[in-house]
Amino acid sequence: MEAIFHEKQDGSLCAQHCLNSLLQGPYFTAVELGTLANRLDEEEREQMAEGGMDTEDYRQFLQQPSTNMDDSGYFSVQVITSALQVWGLELVPYCSTDERAKAALENPAQMQAFICNYKDHWCTIRKIGNQWFNLNSLLAKPQLISNTYLALFLAQLRNEGYSIFIVSGELPECAADDILRNNPVKSCSSPRSHVFQTQSSSSETDPDVQAALRLSLQDSGQYDSPDVEEIALQEALRMSMQASSSSPEEDDDEDSLLKKAITMSLQC
């Protein structure tokens, strides 16, 4: 995985790490993001001033701290959106009526990247070559996510309170794409949701999805190959869907089972 660009957490600069991991290079610094935040602050001030600079609302606005950044290094979704516009990229909420969101819910593996946020922490999930990776800056290194597990992984994050955005547009070319297409990464185990520092309790998460995740993430010697991992995950999905299956044909259809599991866990 040495070819993958991966920034580790530095202070609260997760937005910077998230963007650079997405673009696969040191494209943004905290200073540059701060400049974007200041520009957004100024645009907001000008909009408020249009209502009158002598109004109480305007005076109160001037007394409020910036909503686009703070002293810790945190940057808002508006700053991230503005930074991505430079590259012709757009953020689309995962659970929205946008056609791109509908396509992502149907088959997230066909997308190219997702940006996730939980309690002011930003992180990227991106396809590099033909494989998906968790590029969370809290991780020591990128973590491989199988195509089948990706859908359930996103469903788990959504249930635990994450805001998920689809990255729409053409990402810049990176050397890692070519390297991993020719030499894909091999993995012995599935990623675990705790690497996202999830905080919600089991009572707040769909029990069927939790059961499927527990079964698919068991530490056992039989999970030494991606093929066996996929089989185990599909079996977990079957068990989680027993109560809601409507026909034998659907029970035997792995794609249908996966869609049902996602539908149960994602009530957008």
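1. A residue is termed buried under 20% relative accessible area, exposed over 50%, and partly exposed in between (1.4 Å probe, protein chains only). By this criterion His-121, at 13% relative accessibility, is buried.

2. The model is predicted: local features need pLDDT of at least 70, side-chain atom pairs count only at pLDDT 80 or more, and totals for chains, interfaces and linings use all residues. Residues are numbered from 1 along each chain as its sequence is written, and side-chain values use heavy atoms, with hydrogens and water left out.

3. An unreviewed UniProt entry assigns the feature "active site" to Cys-14, His-121 and Asn-136. These positions span 123 residues in sequence, yet no two of their C-alpha atoms are more than 9.4 Å apart, so they gather at one spot. Such annotations may be inferred rather than shown by experiment.

4. Cys-14 belongs to helix 1 (residues 14–23), and His-121 to strand 3 (residues 121–128). Helices (H or I, at least four residues) and strands (E, at least two) are DSSP runs, numbered from the N terminus.

5. Cys-14 is likewise buried, with a relative accessible area of 3%. Leaving aside residues up to four places away in sequence, Cys-14 touches Gln-9, Asp-120, His-121, Trp-122 and Ser-137; contact means heavy atoms within 4.5 Å. With that exclusion, the contacts of His-121 include Gln-9, Cys-14 and Asn-136.

6. Val-86 lies in the loop between helix 4 (77–85) and strand 1 (90–93). At 61% relative accessibility, Val-86 counts as exposed.
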